[in-house]
Number of protein chains: 2
Amino acid sequence: MADTVVRLARRPAGAIMPEDFVLAPVDVGPLAEGDVLVRPAFISLDPYLSIQVYGRPVRGVAFAPGQAMLSRMVGRVVESRHASLREGDLVLGMGPWQSRFVVAGSALERLEIQLDRPELHLSVLGSSGITGWLGLHRIARIQPGETLIVSGATGTIGSIVGQLAKRHGCRVIGIAGGPQKCAHAREKLGFDTCLDHRDPAFAERLRGTEAQVYFENVGGAVLDAVLPGLAEHARIALCGMVAHYDTAREHRFHNLHLLLEKAIDVKPYRVSEHAGHHAAAMADLAAGVSAGDVMCDHTISRGLDSAGSAFVSMLAGKSLGKSLVKLDE
Amino acid sequence: MADTVVRLARRPAGAIMPEDFVLAPVDVGPLAEGDVLVRPAFISLDPYLSIQVYGRPVRGVAFAPGQAMLSRMVGRVVESRHASLREGDLVLGMGPWQSRFVVAGSALERLEIQLDRPELHLSVLGSSGITGWLGLHRIARIQPGETLIVSGATGTIGSIVGQLAKRHGCRVIGIAGGPQKCAHAREKLGFDTCLDHRDPAFAERLRGTEAQVYFENVGGAVLDAVLPGLAEHARIALCGMVAHYDTAREHRFHNLHLLLEKAIDVKPYRVSEHAGHHAAAMADLAAGVSAGDVMCDHTISRGLDSAGSAFVSMLAGKSLGKSLVKLDE
């Protein structure tokens, strides 16, 4: 069976569309010494990828038209010329959106624990979980009894962050798009409340909240509406700004003065720069999952040909939890 | 001679105008035990006062229409019922915009050093100097060899910050409104360069600057234009946002995503919360002034009846350095 790859077809002019991606045949090429051939089981679709799609770098990498899309994946080694990886090993790492690909074995992490659901390595027990944990505990340094507002509340990171904060003894106010997502956050994720940013009374509902921490995944009008709901000396863990990745969009702010007037710190962060805390994060996440306190929804599309439209669907807020592409075995 | 006071006449609807203030006769009242009667020599006009004029609190105080304007002043004790203050003492503290006023002596600081120019206690050797020093050294923690961008470059704090940074071995890029101010920053304040934010090529000139620190006094379109000129992990000391104090104004941003993509910390701060470093700041400022490395311009208007229009003039960017009202002896 011929291998296929999803490439960026063109630089999007405005909002990203399925037509910005193209499925093409590809030759996986030979393995050099130290290489492995990997068949992805699940490919991770993340909002930050749109930064690279628009041509701006994340960890030094941007996508040029014609290039293969590249994201985190979990998959199986199907052939190995690497000393410590064998056929059948479950591995985690960066990979192209491709049916099979060759990569240096040293760039992959071999997963010692064989989960029933390997997709969890890309969500709650993977970098999404670690990202949320670090933002909450190392950046915002949230304390029991504090109030957290989290945007993108039913997204991967937002949902994990809210559940971790509940487990930590905090009050959690989610923000999501639409009444179904809000109901999900309250009923399934256990948030104290969840506000619909499409509700005309949204900004009004946030006033007087006096939250000590805001975990930001969105930016734009949501950020502007949240600022009046933050307490003096609140901390904003700036994890994502999906509303801003298309830089052709202009954002209108009325409340930025509150950063100064309430002395609110804005703290972006990079997971790779907190490597010393990844093990603690994983241990706490695993404990939360075991205890049944932390779960993660997965929105799974099937086959590489669905990847572009699944990615666009996630950006449009139509997915719940972690968006993944599942490849045929 | 009857005493007079400048009151806030009304809540401004948009930009603050001289008509928003009114000069009125006032009775200074009797002195209780512990009180002093003070005649201000200089009253400080500061951008942050407009936050209070618009009705929002600073350090718990906002101005209601009919209330006296209140700011920092340096003046002389003309009558005392306080044990450790005597007639003729030079004092520093908060006071109404008033020809003479009664205040608890305990609320004032007696100035032991009698400067030839007491107005310096309100500028480079006072809270403006301390504010700049703290932002640079405690908040941004600037290092020799780094590049600083500072907005409001010819304002009190901006001009002091730039000179302190030069003295510390940094490259300094000022931002000011108009070619005269920019020439002043380069020629008199010794900045490496100064960019005119009214220049159509302003944003373009900032690109590629790769500054490690941005000292922010302005916000709005200036902030948006500076973001592309900041380096990875740059620090923004958020000292003022004069463009935002009139909250009826809307601000359009295109570049806020760079906060995330470059991991730029936004750090507002309050001088009162760093009291342990005020003495070090004062010592360094005094050394800089003595060495001739740090100076401050003063734009002085005469008489209380000029206070409202002088304040508006400062907000419109027409002053240089510290704006003060000098009262008749």
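The dialogue below goes through helix packing and the chain contact in a predicted model.

Me: What should I know about numbering and confidence before I start?
Reply: Residues are numbered from 1 along each chain as its sequence is written, and chains are lettered from A and ligands numbered from 1 in the order in which they are written. This is a predicted model, in which local features need pLDDT of at least 70 and side-chain atom pairs count only at pLDDT 80 or more, while totals for chains, interfaces and linings use all residues.

Me: At what angle do H2(A) and H3(A) pack?
Reply: Helices (H or I, at least four residues) and strands (E, at least two) are DSSP runs, numbered from the N terminus. Axes are lines fitted to C-alpha atoms, for helices over the stretch in contact, and angles run from 0 to 180 degrees between N-to-C directions. Here helix H2 (residues 127-139) and helix H3 (residues 156-167) of chain A meet at about 50 degrees, and their axes are 9 Å apart. The pair is therefore oblique; angles under 35 degrees count as roughly parallel, over 145 as roughly antiparallel, 65 to 115 as roughly perpendicular and the rest as oblique.

Me: Which residues of H2(A) and H3(A) make the contact?
Reply: Two residues are in contact if their C-beta atoms, placed from the backbone, lie within 7 Å. H2(A) contributes A:Ser128, A:Gly129, A:Thr131, A:Gly132, A:Trp133, A:Gly135 and A:Leu136, and H3(A) contributes A:Thr156, A:Ile157, A:Ile160, A:Val161, A:Leu164 and A:Ala165. By class there are seven nonpolar, six polar and no charged residues; Ala, Val, Leu, Ile, Met, Phe, Trp, Tyr, Cys and Pro count as nonpolar, Asp, Glu, Lys and Arg as charged, and the others, Gly among them, as polar.

Me: How does H2(A) lie against H8(A), and which residues meet?
Reply: H2(A) packs on helix H8 (residues 278-290) of chain A at an angle of about 105 degrees, with axes 9 Å apart. That makes H2(A) roughly perpendicular to H8(A). A:Gly129, A:Ile130, A:Trp133 and A:Leu134 in H2(A) meet A:His278, A:Ala281, A:Met282, A:Asp284 and A:Leu285 in H8(A). The contact of H2(A) with H8(A) has six nonpolar residues, two polar and one charged.

Me: What rotation superposes chain A on chain B?
Reply: Copies are superposed by least squares on the C-alpha atoms of residues with pLDDT of at least 70 in both. For chain A on chain B, the rotation is 180 degrees with 0.0 Å of shift along its axis, and the RMSD is 0.0 Å. That is the relation of a two-fold axis. The same surface serves both copies, since 100% of the contact residues of chain A recur in chain B.

Me: How many residues does each chain give to the contact, and which elements of chain A take part?
Reply: Chain A gives 26 residues and chain B gives 26 residues. In chain A, the elements that give two or more residues are strand E13 (251-253), helix H7 (257-261) and strand E14 (265-268). The side of chain A that touches chain B divides into 13 nonpolar, six polar and seven charged residues.

Me: In which sense do E13(A) and E13(B) pair, parallel or antiparallel?
Reply: Two strands pair if DSSP finds at least two bridges between them. E13(A) and strand E13 (residues 251-253) of chain B pair in the antiparallel sense over three bridges. A:Phe253 stands opposite B:His251 in E13(B).
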